[in-house]
Amino acid sequence: MIDRAALAHFLRTRREALQPEDVGLPRGARRRTRGLRREEAAALSHMSTDYYARLERERGPHPSEQMLASIAQGLHLSRAERDHLFRLAGHVPDERAGMLEHVGPGLLRVLDRLDDTPAEIVTELGETLRQSRLGVALTGDASLRRGMHRSLGWRWFADPASRGLYAEEDHDFLSRLFAAGLREIVGRRGAGSRAAELADDLRDRSEEFRALWERHEVGLRPRDTKHFVHPEVGAIEVHCQTLVDPESAHSLLVYTAAPGSESAEKLRLLSVIGPAVPA
């Protein structure tokens, strides 16, 4: 059963503990609210202010697991806090979903400070969970993708049009990289894992993937320099730096261009014109 009083109190304390700068928001000169405002917490959680406010006032509908997961990310909850939130709302937390989908507050705090830099948080299967504003402009809005289509490695073989965002001279290496990386993950996670499901699906779909899979190649690692081909601004060369959360196997990828370079100017232009890459 939902414990409305405890749920409301927990949400208020977590919201009031967050400062605007903790989540990438401006503080403003006349702020008097302790912590975040309700409307800010609601926006971060991708829901209406009215819905969120009713939860804090011990009213409203019984929140679904999807809504709770969104609140957990919006309020930058830890895994333990996320699970506690689920229990207060009368749900049994899904440990597997929490491990796969819930981004730790540490990575989120870093991402929140990268609004002017292309950045994304990804799973070990290349599923983008969160993006900076300029990350969306560079690679497309990942929140629109569903199912296996969320995995870059799966799209690479199952939807060849996705390769258009990457320089053609890198295609052969990226094909080997994605196949080898998936084989390593299957070995680590086992036959019944989501990685194994992706591999089985791709073996049915792609002759290229089947041939690469049979090589049993492992140990390839991404190159530090990446070459994108954006539909609006053309070729962009960036350096990729990676920060890994060992508890969740999530990685924060940050793309930077050399100061004063043509690519740096193109990224500046992208920050103005916004997204133009289809999901």
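Strands β4 (residues 234-245) and β5 run antiparallel, joined by seven bridges. This picture comes from a predicted model. One of the paired positions links cysteine 240 with tyrosine 255 in β5. The two strands also form a hairpin, with four residues between them. In that hairpin, alanine 249 has a positive phi near 65°.

The table sets the two pairings side by side.

| Strand pair | Bridges | Sense | A facing pair |
|---|---|---|---|
| β4 and β5 | seven bridges | antiparallel | cysteine 240 and tyrosine 255 |

Why is β5 described as largely enclosed by the rest of the structure? Six of the seven residues in this strand (residues 250-256) are buried, so the rest of the structure largely encloses it. Buried here means under 20% relative accessible area.

Now to a pair of helices. Two packed helices are described by the angle between their axes and by the distance between those axes. The axes of helix α1 (residues 4-17) and helix α5 (residues 79-88) come within 9 Å. They cross at roughly 150°. An angle over 145 degrees counts as roughly antiparallel, and α1 and α5 are therefore roughly antiparallel to each other. The crossing of α1 past α5 is left-handed.

Which residues make the contact? From α1 come Ala6, Leu7, Phe10, Leu11 and Arg14. From α5 come Glu81, His84, Leu85 and Leu88. By class, the contact has six nonpolar residues, one polar and two charged.

Technical notes. Residues numbered from 1 in each chain as written. Predicted model: local features only at pLDDT ≥ 70, side-chain atom pairs only at ≥ 80, totals over all residues. Heavy atoms only, no water. Buried < 20%, exposed > 50% of the residue type's maximum accessible area, 1.4 Å probe, protein only. Pairing = 2+ DSSP bridges. Axes fitted to C-alpha atoms, helices over the stretch in contact; angles between N-to-C directions. Parallel < 35°, antiparallel > 145°, perpendicular 65-115°, else oblique. Left-handed = near helix turned anticlockwise from the far one by under 90°. Contact = heavy atoms within 4.5 Å. Nonpolar A, V, L, I, M, F, W, Y, C, P; charged D, E, K, R; others polar.
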